[in-house]
Amino acid sequence: MKIPREKIALLIFVVLLVAVGLTSIGYFYTSRNFNVAASYVDDQVGSLGDYTVVVYNGTVQPEEEDDSADDDPGAFWLDGSLSTDKEGSDAQKEEGSRILDLGDVESQLGGKIFLSEVNDLYREKGASVLSLDLSQPGYYSEPQVFTAGDRKIGVLEIDYYVSDRKLRKITDELREEGATAIICITRTTALVASPASVDVLIVTSAEKGVTPEGAFVDGCFIVRTPEVGSIGALVINHANVVSARVTSPE
């Protein structure tokens, strides 16, 4: 009778362990979705005092969207993950696709969208703002740490294939300098062996499966820059949960 009892006890232990694991995973995703949804609400009411916003200009040409999106092989680790790991409801995604009502944008900015004006609009909402100029490839090829309010953000640009080990070495150095969030800029995900060591991966060309609204893969938020003339923004809350917005003149 001793052996069956030990097996039963072991079975109960395994079941409890699995239950705890599933509960932890469920809590993680529920918490992340709640944070993303809350950021949309705070954005709409203009209360972003605890947020950091990274604003960047669009780099994708309209013809690039049509001609090259299907030809880009992307990264092997992508494998359609961006289209399945959605944050928040469809209604929240639609609501958060623009940082402001377009009528307000046109009245305040004269129908044109500029990086500096979007910076000011977010500052008026109380957010700490970091502006990235992505119009010149290679501008951030030297890894560096920027300060936005109380937060330090590491930024690096990749224009060559980088292994997971190499990328982790760079990000570790940025974190040692105090960076609490790390943004990697690249033309295509095919240049990155794994995005796991960075918090955000910004793709500057039209790549199949990568959208301006972004999604999570391996804990990294992967997002594409919008078309030229539009402005993208990463909204980061106190828990480092990221969501994306796009402001367009059209």
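This is a predicted model: local features need pLDDT of at least 70, side-chain atom pairs count only at pLDDT 80 or more; totals for chains, interfaces and linings use all residues.
**Notebook: rings, sheets and cysteines**

Residues are numbered from 1 along each chain as its sequence is written, and side-chain values use heavy atoms, with hydrogens and water left out.

**Rings**

I counted aromatic pairs next and got three (rings of Phe, Tyr and Trp, the last by its six-membered ring, with centres within 6.5 Å; planes under 30 degrees apart are stacked, over 60 edge-to-face, the rest tilted). Y139 and Y140 make an edge-to-face pair, with 4.9 Å between the centres and 80 degrees between the planes. For F216 and F221 I noted centres 5.1 Å apart and planes at 65 degrees, so this pair is edge-to-face. Both F216 and F221 are buried. I also found Y139, Y140 and F146 linked into a cluster by ring pairs.

**Whole chain**

I listed seven helices and 10 strands (DSSP runs numbered from the N terminus: helices are H or I, at least four residues, and strands E, at least two). Of the 250 residues in the chain, 45% are buried. I took the contacts between residues at least 6 apart in sequence, and 63% of them join residues at least 24 apart (contact is heavy atoms within 4.5 Å). The accessible surface comes to about 13,000 Å², and 54% of it belongs to carbon and sulfur atoms (Shrake-Rupley method, 1.4 Å probe; for residues, only the protein chains shown count as cover).

**Six-stranded sheet**

I followed an open sheet of six strands in the order β3-β4-β5-β6-β8-β7, with mixed pairing (strands pair if DSSP finds at least two bridges between them). β3 (144-148) and β7 (215-217) are at the edges and have a single partner strand each, so one side of each lacks a neighbour in the sheet. Neighbouring strands here are turned by 30 degrees against each other on average, direction ignored (axes are lines fitted to C-alpha atoms, for helices over the stretch in contact; angles run from 0 to 180 degrees between N-to-C directions). Inside this sheet, four bridges pair β5 (181-186) with β6 (200-203) in the parallel sense. I185 stands opposite I202 in β6. Helix α7 (164-176) lies across β3, β4 and β5, at about 155 degrees to β4.

**Four-stranded sheet**

I then traced an open sheet of four strands, ordered β2-β1-β9-β10, again with mixed pairing. Its edges are β2 (128-132) and β10 (242-247), each with a single partner strand, so one side of each is left without a neighbour in the sheet. β1 (52-57) and β9 (231-236) run antiparallel and are joined by six bridges. Y56 stands opposite G232 in β9. Helix α6 (115-124) packs on this sheet and touches β1, β2, β9 and β10, its direction making about 165 degrees with that of β1.

**Cysteines**

How many disulfides are there? I counted zero (a disulfide needs a pair of cysteine sulfur atoms within 2.5 Å). The closest cysteine sulfur to that of C184 is in C220, 8.0 Å away, which is too far for a bond. I found C184 buried at 0% relative accessible area, and C220 is also buried, at 0% relative accessibility.

Notes
Buried means under 20% relative accessible area, exposed over 50%, partly exposed in between (1.4 Å probe, protein chains only).
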